[in-house]
Amino acid sequence: MKDRIQKLAIVLFFAMFIYSGINKILNFQEKVDGLREKTGLPYPMNGMGMCGVILLEIFGSLLMIYHFWGGKMIPIEYVKYTCMLFIAFLIVVTLLYHPPWEKIIPFLSNVTTTGGLLFIYNVL
C-alpha cells in the first residue's frame, strides 16, 4: 500500500509541471514575451530559455515519474540531476515571478513545491 501511495504522490506532484509545460507550448509567444519583460534579455535568449523550461517540465517530470514507478534503466545520477534542475528552476521562477514582497501565497506555494522537491531528492 505504501508503494502505491508513493507512486500516486509522485504523479500528482509532477502533474502540475507537465500541465505547465504543455501550456507553455500552446502559448509560447506570450510566455516568451512575458519572460522578456521580466529579464530584459534579447528574444532569442528568452526563447531558448523557455524551450529549456518546457523540456524540463515535461520530460523531467516524466523521468521522475518513470523512476518512481520502478524504471531502473535510467542511472540514479540523472534522476538526482533532474531533481536539482527543478529546484534551481523554482528558485529562479520564484525570484522573477513571485517575490515575497508582491503576493505572499504564490511565493509560499513555490517555497512549498521546492520543499517537496528537496524531500524527493533526499529519498532518491
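1. From the N terminus on, the elements of the protein chain run α-α-α-α-α. The model is a predicted one, and its secondary structure comes to five helices and zero strands.

2. The radius of gyration of the protein chain is 15 Å, close to the 14 Å that the globule rule gives for 124 residues; the chain is therefore as compact as a globular protein of that length. Along the principal axes, the C-alpha atoms fill a box of roughly 45 × 30 × 25 Å.

3. Helix H3 spans residues 43-68, 26 residues in number. From the first C-alpha to the last, H3 reaches 37 Å, close to the 38 Å expected at 1.5 Å a residue. Just after H3, Gly 70 adopts a positive phi of about 105 degrees.

4. Helix H4 (residues 76-97) packs with helix H5 (residues 104-123) at an angle of about 165 degrees, the two axes lying 10 Å apart. Because angles over 145 degrees count as roughly antiparallel, H4 is roughly antiparallel to H5. The crossing of H4 past H5 is left-handed.

5. On the H4 side, the contact is made by Lys 80, Cys 83, Met 84, Phe 86, Ile 87, Leu 90, Val 93 and Thr 94. H5 contributes Phe 107, Asn 110, Thr 113, Thr 114, Leu 117, Leu 118, Ile 120 and Tyr 121. By class, this contact of H4 with H5 has eleven nonpolar, four polar and one charged residues.

6. As to the spacing of such contacts, an α-helix has 3.6 residues a turn, so residues three or four places apart point the same way.

Note on methods
Residues are numbered from 1 along each chain as its sequence is written. This is a predicted model: local features need pLDDT of at least 70, side-chain atom pairs count only at pLDDT 80 or more; totals for chains, interfaces and linings use all residues. Side-chain values use heavy atoms; hydrogens and water are left out. Helices (H or I, at least four residues) and strands (E, at least two) are DSSP runs, numbered from the N terminus. The expected span of a helix is 1.5 Å times one less than its number of residues. Axes are lines fitted to C-alpha atoms, for helices over the stretch in contact, and angles run from 0 to 180 degrees between N-to-C directions. Angles under 35 degrees count as roughly parallel, over 145 as roughly antiparallel, 65 to 115 as roughly perpendicular and the rest as oblique. A crossing is left-handed if the near helix is turned anticlockwise from the far one by less than a right angle, and right-handed if clockwise. Contact means heavy atoms within 4.5 Å. Ala, Val, Leu, Ile, Met, Phe, Trp, Tyr, Cys and Pro count as nonpolar, Asp, Glu, Lys and Arg as charged, and the others, Gly among them, as polar. The radius of gyration is taken over C-alpha atoms; the globule rule is 2.2 Å times the number of residues to the power 0.38.
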